[in-house]
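The stops follow one another by topic.

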Amino acid sequence: MECHKLSAKPCSSYLFFVILLIFASLASFADAAVHYHDFVIEAKPVKRLCRTHSTITVNGQFPGPTLEVRDGDTLVIKAINRARYNITLHWHGIRQLRNPWADGPEYVTQCPIQPGRSYTYQFTIQNQEGTLWWHAHSRWLRATVYGALIIYPKLGSPYPFPMPKKEIPILLGEWWDRDPMDVLRLALFTGAAPNVSDAFTINGQPGDLYRCSSKETAIFPVEAGETILLRIINSAMNQELFFGVANHKLTVVAVDAAYTKPFTTNVIMIAPGQTTNVLLTADQPSARYYMAAHAYNTANAPFDNTTTTAILEYKSAPCSAKKGQPVKPIFPQLPGFNDTATATAFTAQIKSPSQVKVPIEIDESLFFTVGLGLINCSNPNSPRCQGPNGTRFAASINNVSFVLPRRNSLMQAYYQGQPGIFTADFPPVPPIQFDYTGNVSRGLWQPVKGTKLFKLKFGSTVQIVFQDTSIVTVEDHPMHLHGYQFYVVGSGFGNFDPSNDPAKFNLIDPPQRNTIGTPPGGWVAIRFVADNPGIWLLHCHIDTHLPWGLATAFLVENGVGKLQTVQPPPLDLPPC
Ligand code: C2O
């Protein structure tokens, strides 16, 4: 058509229409999606290690469903409680900006969802991409109620590494050959440590090395030559783990939904709560290779010393002489259970991809001792005092053993101005200075119970040095902060030295994380800006230590204006 010879008007309006159409379709691509899910929490028979247990699941699945979204999307998840326990769900690592109501820890941001009731978690993913996960956040229900939460980049934005051919979530879990809620109940009654687990699992399966488990071992087929992305999540309750794949190198590209400078390793160490994305290239002879995980144990205490396995299977792997019988997979070499040198060297390699904006001027410099303790009993022979020498186990930060409220959640009490639920006098430093990692006198072993929060001004810059203590035992305590991503600026063994250690901090390219472990008998320093108002739990992600009190919470005040103020609570927020 000879456009110019006709009147200009229809032509330009036609053009305008076409451009409008293009823009409209572009906009719909860029538009964030809203994902609706029902999560029905219910007991289902699950058979592991030769025995069937009535297991709390989501939608009958163990592990639970994988959530897949893009950065910018919104999740609307209706949690329907058809189990016999109170429950809440937590979206581990999601920042939940101004929206603590969707965070989930019981009695912190909400009261639990009672049996027969429901609650809808609604939240938007803002500037986060990578691997996170979700789990129950009430007593020990997360032992079986957990799943992967995968955040892809916005449409059209690529990964900062070559696109992998396949992506596989690897959920490392922990299994008890009894009801985990009973294990906890018994421990909380006796005051002793809970029984260690009977198996570790990969995507819910213990694998070939356990009784009655071979047939269900997870198998991941790969094509020779292709590169795959493993999204590894430590959803185990109480154990840091070493993980490796026989004869294959792993290239770490992200942790806790933050990209890292890629580096290559034979083995990773991953603490409960953490995630690690690794690339693996199938560049070995066509065969079957075990991926395996076992404990990295740092405490002087019993632990589950078993090994979970899955199989990486090249599609062209030869079968053995016996027809139909696949050849035995090759086994990876994992570090020894107490190989702190390997664990430390691995963690030290994790860095942000390039220079990041670490807070330099610090408004709140906090020094938190973290560790175990023992509560003395008036009658040490009591059935309730079965801890060491007739005591009860406890744990604390700065000698405060955190107690959850019962009558209301912290967040609701704060929002409604209800007094008597918590105090905001958490100590910024321990009440007494001592040689934290030396031979600590018995008089310092007993913490004080309390529901104390630490108040932060909106926008303040915060540094926390977590100092492990040797009370009862030194240990790697994976510290998790809800509602935030922080920079890990330094760590070391022994006592933190405030006059010399800060000079060695990495303020250039420290990694961004939501969970970081104290080295056993050492310290780790983090920094963040308190830019998310609300009440945010800080706790050890070892689920034995949380009910013992290894926790506190930050009360981050509102700033000015709507964008710095906590949203109103949803109408269906469960009552206590
Ligand atoms: Cu993944 Cu408070 O937890």
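A disulfide, as the word is used here, is a pair of cysteine sulfur atoms within 2.5 Å. This is a predicted model, in which local features need pLDDT of at least 70, side-chain atom pairs count only at pLDDT 80 or more, and totals for chains, interfaces and linings use all residues. Residues are numbered from 1 along each chain as its sequence is written, and side-chain values use heavy atoms, with hydrogens and water left out.

**Disulfides**

Select the cysteines to begin with; by this rule the count comes to 3 disulfides. Start with cysteine 377 and cysteine 385, whose sulfur atoms lie 2.0 Å apart in a disulfide, and turn the view along the S-S bond, where the value of -95° goes with a left-handed link. Cysteine 377 has 18% relative accessibility and therefore counts as buried, and cysteine 385, at 7%, counts as buried too; buried means under 20% relative accessible area, exposed over 50%, and partly exposed in between (1.4 Å probe, protein chains only).

Next select cysteine 50 and cysteine 212, which form a disulfide with sulfur atoms 2.0 Å apart. The torsion about their S-S bond is about 95°, so this disulfide is right-handed. Cysteine 50 sits in the loop between strand E1 (34-48) and strand E2 (51-58), while cysteine 212 sits in the loop between E10 and strand E11 (219-222), so the pair ties together parts that are 162 residues apart in sequence. Helices (H or I, at least four residues) and strands (E, at least two) are DSSP runs, numbered from the N terminus. If you colour by accessibility, cysteine 50 is partly exposed, with a relative accessible area of 32%, whereas cysteine 212, at 54%, counts as exposed.

Now move to cysteine 111 and cysteine 576, a disulfide in which the sulfur atoms are 2.0 Å apart. Here the torsion about the S-S bond is about -90°, so the disulfide is left-handed. Cysteine 111 belongs to the loop between strand E5 (89-92) and strand E6 (118-124), and cysteine 576 to the segment after strand E32 (551-556), so the pair ties together parts that are 465 residues apart in sequence. Cysteine 111 is buried, with a relative accessible area of 0%, and cysteine 576, at 45% relative accessibility, counts as partly exposed.

**Strand E10**

Select residues 199-202, which make up strand E10 and include threonine 201. Is threonine 201 buried or exposed? At 1% relative accessibility, threonine 201 counts as buried. Showing its surroundings, and leaving aside neighbours within four places in sequence, you will find threonine 201 in contact (heavy atoms within 4.5 Å) with Tyr146, Leu171, Leu172, Gly173, Glu174, Trp175, Pro206 and Thr308.

Isoleucine 202 is also found in strand E10, and isoleucine 202 is buried, with a relative accessible area of 0%. Not counting residues up to four places away in sequence, isoleucine 202 touches a set of residues including Ile170, Ala218, Phe220, Met291 and Ala310.

**Helix H2**

Select helix H2 (residues 180-190), whose buried residues are Pro180, Met181, Val183, Leu184, Ala187 and Thr190. Which elements do the buried residues of H2 pack against? They pack against strand E21 (391-397) and helix H5 (545-548). At the start of H2, a side-chain oxygen of aspartate 179 reaches to within 2.8 Å of the backbone nitrogen of methionine 181, and just after H2, glycine 191 takes a positive phi of about 85°.

**Largest pocket**

On a 1 Å grid over the protein atoms alone, a pocket is an open set of points where a 1.4 Å probe fits, with protein on both sides within 12 Å along at least five of seven lines, and lining residues have an atom within 4 Å of a point. About 780 Å³ of space lies in the largest pocket, a volume being the space filled by probe spheres set on grid points that are joined across faces, edges and corners. Of the 33 residues that line the largest pocket, the closest to its centre are Leu188, Leu404, Leu546, Pro547 and Trp548.

Terms used: A polar contact is a pair of N or O atoms within 3.5 Å; within protein, one must be able to donate a hydrogen and the other to accept it, and residues adjacent in sequence count only if both atoms are side-chain atoms.
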